Amino acid sequence: MAMLEVKDLQVYYGMIQAIKGISFEVNTGEVIALIGANGAGKTTTLHTITGLIPAKAGSIVFEGTDLTKTPAHKIVSLGMAHVPEGRRIFQQLSVYENLKLGAYTRKNKQEIQESLERVYKRFPRLEERKNQVAGTLSGGEQQMLAMGRALMSHPKIILMDEPSMGLSPIFVSEIFDIIREISESGTTVLLVEQNAKKALSIADRAYVLETGNIVLSGDAKELMNDDSVKKAYLGE
């Protein structure tokens, strides 16, 4: 059984249908990429899965639990973390305080401390800057903080929305290396990314979204060689 199963999902903003009955699944241990142009519905899909936007129809099942009517804070405690577009860190708080807030659903102090040490090991820059006000970090460091904060909830699956947006090429490469490491350490990843080439290079499978519909899906490496994908998303 798939870890996450989205079936016939429909989402509206007022009268406008943003998601038009899409279905896809994410299996344990996979990196799944959702690619598509701006306005295709990628972010809306993630927001609906994590309970930030209500679904009009369809179902979202995570490890056998239907999330369709589950509030967002409960979804986190089930083992799902969300790294939102634009990072959304707490600008006025320190790096350390941001990370501690990522563990708000957890109670065991020792386990939280162990998670913090793991995050610092993965992101040494965050440890160096743990007392720094988060809003003064560079864009790349803020992205690392957003990812570290999500990992503090000890998720089974992490949903990432445009992690490379606005970053310099060197930081983009670093962020994708980290996503690969997160996957290899046993966390399932659902990745929404404008940089289709980078996303497909680390994904197992991918789905292509166009105006609220899934128009293509398959093995990520095969999609990289698909002429229509090359033309539309890879600039070839």
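Leaving aside neighbours within four places in sequence, Ile158 makes contact with Ala81, Val83, Met147, Ala150, Leu151, Ile182, Thr187, Thr188, Val189 and Leu190. The structure described here is a predicted model. Ile158 also belongs, with Met147 and Ile179, to the residues that have the most contacts inside the largest nonpolar core.

**Nonpolar cores**
- The largest nonpolar core is made up of 47 residues.
- Helix α7, which covers residues 169-184, supplies the largest share of this core, namely 7 residues.

**Helix α4**
- Helix α4 runs through residues 109-122, a total of 14 residues.
- From the first C-alpha to the last, α4 reaches 20 Å, close to the 20 Å expected at 1.5 Å a residue.
- At the start of this helix, a side-chain oxygen of Asn108 comes to within 3.0 Å of the backbone nitrogen of Gln110.
- Ile112, Ser115, Leu116, Val119 and Tyr120 are the buried residues of α4.
- Seen down the helix axis, these buried residues of α4 fall within an arc of 140 degrees, and they therefore line one face of the helix.
- The cover over the buried residues of α4 includes α3 (95-102), α5 (124-128) and α6 (139-151).
- On the face of α4 turned away from the buried side are the exposed residues Gln110 and Lys121.

**The four-stranded sheet**
- An open sheet of 4 strands is arranged in the order β2-β1-β4-β5, and its pairing is antiparallel.
- Its edge strands, β2 (16-26) and β5 (65-66), each pair on one side only.
- Strand β1, residues 4-13, pairs with β2 in the antiparallel sense over 8 bridges.
- Tyr12 has Gln17 of β2 standing opposite.

**Gln194**
- Gln194 lies in the loop between β8 (188-192) and α8 (196-202).
- Apart from residues up to four places away in sequence, Gln194 touches Gly36, Ala37, Asn38, Lys42 and Glu162.
- Gln194 and Phe24 are 170 residues apart along the chain, and a distance of 19 Å separates their C-alpha atoms.

Terms used:
Residues are numbered from 1 along each chain as its sequence is written. This is a predicted model: local features need pLDDT of at least 70, side-chain atom pairs count only at pLDDT 80 or more; totals for chains, interfaces and linings use all residues. Side-chain values use heavy atoms; hydrogens and water are left out. A nonpolar core is a set of buried Ala, Val, Leu, Ile, Met, Phe, Trp, Tyr and Cys residues joined through side-chain atoms within 4.5 Å. Buried means under 20% relative accessible area, exposed over 50%, partly exposed in between (1.4 Å probe, protein chains only). Helices (H or I, at least four residues) and strands (E, at least two) are DSSP runs, numbered from the N terminus. Contact means heavy atoms within 4.5 Å. The expected span of a helix is 1.5 Å times one less than its number of residues. The arc is that of the directions from the helix axis to the C-beta atoms. A polar contact is a pair of N or O atoms within 3.5 Å; within protein, one must be able to donate a hydrogen and the other to accept it, and residues adjacent in sequence count only if both atoms are side-chain atoms. Two strands pair if DSSP finds at least two bridges between them.
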